[in-house]
Structures are given as structure tokens and as C-alpha cells.
Amino acid sequence: MKNNPMMCDLETGVCGVAGEEEFGMIDFNQPKKSVEVYYVTDPICSHCWALEPVLRRFIEQYGHYFNFHTIMGGLLEKWGDGPVDPANGISGPADVVGHWREVGAYYRMPIDGTVMIDNPVQSSYPPSRVFKVIQKNHHDAIAYEYLRRAREALFIFNQNIADKSVMIDIVNKLGLDGEATVNESQQTTGQQLLNEDFDRARNLGVRGFPTIIMMNEDNKGLKIVGGRPFVNYVDGLKQVLHIEELQPKQQPSLLSLLEKEKLLFSKEIEVMYDLEKSEVTSYVKKELSSDQYEMKEMLGECYITTKY
């Protein structure tokens with residue numbers, strides 16, 4: 001009788017599977033999303049690429065507390081005759097390579113950078129406009145995935161992500177119509193959407209990327225500029241919520257994370273699962289079967305990709 005879900009137990013008065021607690025309190029309340037989190041970024045921002053491991057974990061574990069908004073900031077309209085970033089000695093595309101590699105090595109999210117010598121990105125506006133069109137026509141999550149794929153194409157695979165054919169290919173791989181999306185982004189509306197983001201960034205007082213702004217219902221917030229450790233974002237969320245302890249969700253399994261992301265660097269796995277660099281390989285072998293991933297290396301950093 002106990003194994004038959006159609007049978008009822010006369011003693012407990014339960015119809016169905018036995019073994020449930022007979023009396024107890026259940027809390028079905030989900031935390032109200034009373035915080036707006038604004039992430040101001042740019043497709044070619046190297047420090048934004050470096051922030052990805054921390055930002056992913058923050059969204060995965062604490063995203064139920066906030067609404068997340070990605071805003072394009074407009075890092076590079078075009079290369080001019082004068083220095084673009086004189087403080088860092090950057091006046092042309094080739095000057096970016098050393099800076100990018102330094103950022104990649106420091107944060108252990110490697111960047112090759114030779115694309116800026118061989119086929120440099122002349123403006124970050126074209127991929128930013130594509131992001132806005134996807135965001136408008138589809139869903140924020142798909143636009144955010146496009147942003148990730150564009151960064152992989154630029155920083156790892158040395159592709160010019162402002163090139164029309166490259167943008168079309170990235171969008172096609174998301175299951176969308178790449179040509180239609182990119183063509184729409186090149187119309188007047190594409191720049192109008194981007195200008196709206198620029199206005200939002202200015203109104204939020206953002207001048208550098210990445211910038212995270214957390215704002216509560218009282219329109220009081222916290223600004224975090226640049227890449228910071230994971231705990232800083234958690235502490236910031238506590239501050240704007242006026243809560244001493246938050247209830248994080250369990251980290252996703254490595255398999256589900258890899259199936260979603262398609263490519264993960266060692267640093268991203270370390271941050272998500274609180275691992276040391278030396279523990280990553282054994283952790284991957286424990287969590288995944290050999291037919292589910294490939295392990296590769298770039299500039300001394302290993303990364304895993306899906307096999308299919």
C-alpha cells in the first residue's frame with residue numbers, strides 16, 4: 001500500500017506517497033525584487049571581460065533580489081587623430097594590445113589582442129547597436145548572451161566584432177536572423193536605441209566601465225566602479241536592501257553552467273565554486289564525463305568548452 005500512490009493511508013489520512021511531514025510550516029514567499037541593478041558596459045571593455053566570473057556568480061546566486069539591466073556606455077566611437085586614452089598611452093588600436101594583455105594576465109581572463117594590430121575594431125558602436133536591437137526585439141537574456149559571445153570572439157578568437165559578417169555570424173549562432181538583426185541595427189533606430197542608453201549612463205553619473213549601480217525603492221543606491229571582488233557586490237546589495245544576511249541560491253551544477261555558457265575559463269570555475277586554480281582540473285573531471293567537454297589552453301590559462 002505504501003508504494004501505491006493511488007492508495008490512502010487510514011492512519012495518517014494521506015493519499016499518495018507516504019513519508020511526507022504531516023504537519024509543518026512552509027514559506028512560499030519569494031523575496032520581492034525591490035532593487036534595480038544597472039550594469040554599464042561596452043563590448044570591447046577589457047575590464048568588463050575580467051569582471052565576468054564575479055558578475056556571473058552574483059547574478060546566479062543573488063539575482064532573485066534584483067532586476068538586472070545592461071546599459072551600453074559607448075567606449076569608442078572612433079579612432080581620431082589625437083590620443084583616445086592619453087593616461088594609458090593609447091592613441092591608436094595597436095596601443096591597446098599591451099594594455100589588454102596586462103588586464104587579461106592580472107585578472108586571469110586572458111586576452112590575445114593581436115586583432116587590434118591585424119584587423120582592429122574601429123568603433124564599439126556597431127556591436128553595441130546589435131545588442132540594443134536584440135534586447136528590443138527579443139529578451140534581455142539573449143542580448144546578454146550575444147554580449148558574451150562577442151567578447152569571446154574579440155578577446156579570445158581575435159575577430160573584429162564591428163565587422164558586419166562577424167556580427168551576423170554571432171547572431172546566427174544564437175538562433176536568430178543575423179542579417180536582419182544587423183541590418184536593423186544599422187538603421188536610424190539602432191543609433192536612437194544606443195543614444196537612449198548613453199543618456200541613462202549619463203543620468204546615473206557613469207564615466208567609466210564597468211560600473212554597477214544598485215538602487216532601492218527609495219531611489220538611494222550604491223555605485224561600484226571597476227572590477228571588484230565578489231564579496232563587494234554582495235555587501236553592496238545588503239546595504240541597499242538594509243539586510244544583514246541574504247539567502248543565496250545554490251550554485252548551478254558545472255554541467256548546467258557549461259551547457260548554458262558553452263565556454264568557461266578556469267577563473268570562472270574557481271569563482272563560481274570557491275576553488276583554487278590547482279583544484280579545477282580534478283573538479284571538472286569529477287563533475288563532467290569526458291564526452292561532455294574539451295579542455296583547451298590560451299596564454300597559460302585553461303578553459304573548457306562543450307563538445308557539441
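This is a predicted model: local features need pLDDT of at least 70, side-chain atom pairs count only at pLDDT 80 or more; totals for chains, interfaces and linings use all residues.
Reader: Why is the contact of Arg-56 with Glu-268 called a salt bridge?

Author: A salt bridge is a side-chain nitrogen of Lys or Arg within 4 Å of a carboxyl oxygen of Asp or Glu. The closest N and O atoms of Arg-56 and Glu-268 are 2.8 Å apart, so the pair meets that limit. Across the whole structure, 20 salt bridges are found.

Reader: What makes Lys-132 and Asp-197 buried?

Author: Buried means under 20% relative accessible area, exposed over 50%, and partly exposed in between (1.4 Å probe, protein chains only). Lys-132 has 7% relative accessibility and therefore counts as buried; Asp-197, at 0%, is buried as well. The side chains of these two residues, Lys-132 and Asp-197, meet in a salt bridge of 2.9 Å, N to O. This pair joins helix α4 (residues 125–137), which holds Lys-132, to helix α8 (residues 188–203), which holds Asp-197, across 65 residues.

Reader: Why are Glu-184 and Lys-136 called partly exposed?

Author: Glu-184 has 24% relative accessibility and so counts as partly exposed, and Lys-136 is partly exposed because its relative accessible area is 45%. The two form a salt bridge, with the closest N and O atoms 3.1 Å apart. Since Glu-184 lies in helix α7 (residues 178–185) and Lys-136 in helix α4, the pair ties together parts that are 48 residues apart in sequence.

Reader: Which residues do salt bridges with shared partners join into one network?

Author: The network contains Glu-52, Arg-56, Glu-145, Arg-148, Arg-149, Arg-151, Glu-152, Glu-261 and Glu-268.

Reader: How do you know that α4 and α8 are roughly perpendicular?

Author: Two packed helices are described by the angle between their axes and the distance between the axes. Here α4 and α8 pack at an angle of about 95°, with their axes 9 Å apart. Axes are lines fitted to C-alpha atoms, for helices over the stretch in contact, and angles run from 0 to 180 degrees between N-to-C directions. Angles under 35 degrees count as roughly parallel, over 145 as roughly antiparallel, 65 to 115 as roughly perpendicular and the rest as oblique. The α4 and α8 helices are therefore roughly perpendicular to each other.

Reader: Which residues of α4 and α8 meet?

Author: Contact means heavy atoms within 4.5 Å. Among the residues of α4 that meet α8 are Tyr-125, Arg-129 and Lys-132, and those on the α8 side include Leu-193, Asp-197 and Phe-198.

Reader: What makes a set of residues a nonpolar core?

Author: A nonpolar core is a set of buried Ala, Val, Leu, Ile, Met, Phe, Trp, Tyr and Cys residues joined through side-chain atoms within 4.5 Å. The largest such core has 42 residues, of which Trp-100, Met-116, Ile-134, Tyr-146, Leu-154, Ile-161 and Phe-265 touch the most other members. Its largest share, eight residues, comes from α5. Apart from this core lies another, of 33 residues, including Val-35, Phe-58, Phe-66 and Ala-201.

Reader: Why is α11 called mostly covered?

Author: Seven of the eight residues of α11 are buried, among them Ser-266, Glu-268 and Tyr-273. Elements against which the buried residues of α11 pack include α1, α5 and β7.

Reader: Which is exposed and which partly exposed, His-242 or Asn-158?

Author: His-242 is exposed because its relative accessible area is 66%, whereas Asn-158, at 25%, counts as partly exposed. His-242 lies in the loop between α9 (230–241) and α10, and its phi is near 60°, a positive value in a residue other than glycine. Asn-158 lies in the loop between α5 and α6 and has a positive phi of about 55° although it is not a glycine.

Key: Residues are numbered from 1 along each chain as its sequence is written. Side-chain values use heavy atoms; hydrogens and water are left out. Helices (H or I, at least four residues) and strands (E, at least two) are DSSP runs, numbered from the N terminus.
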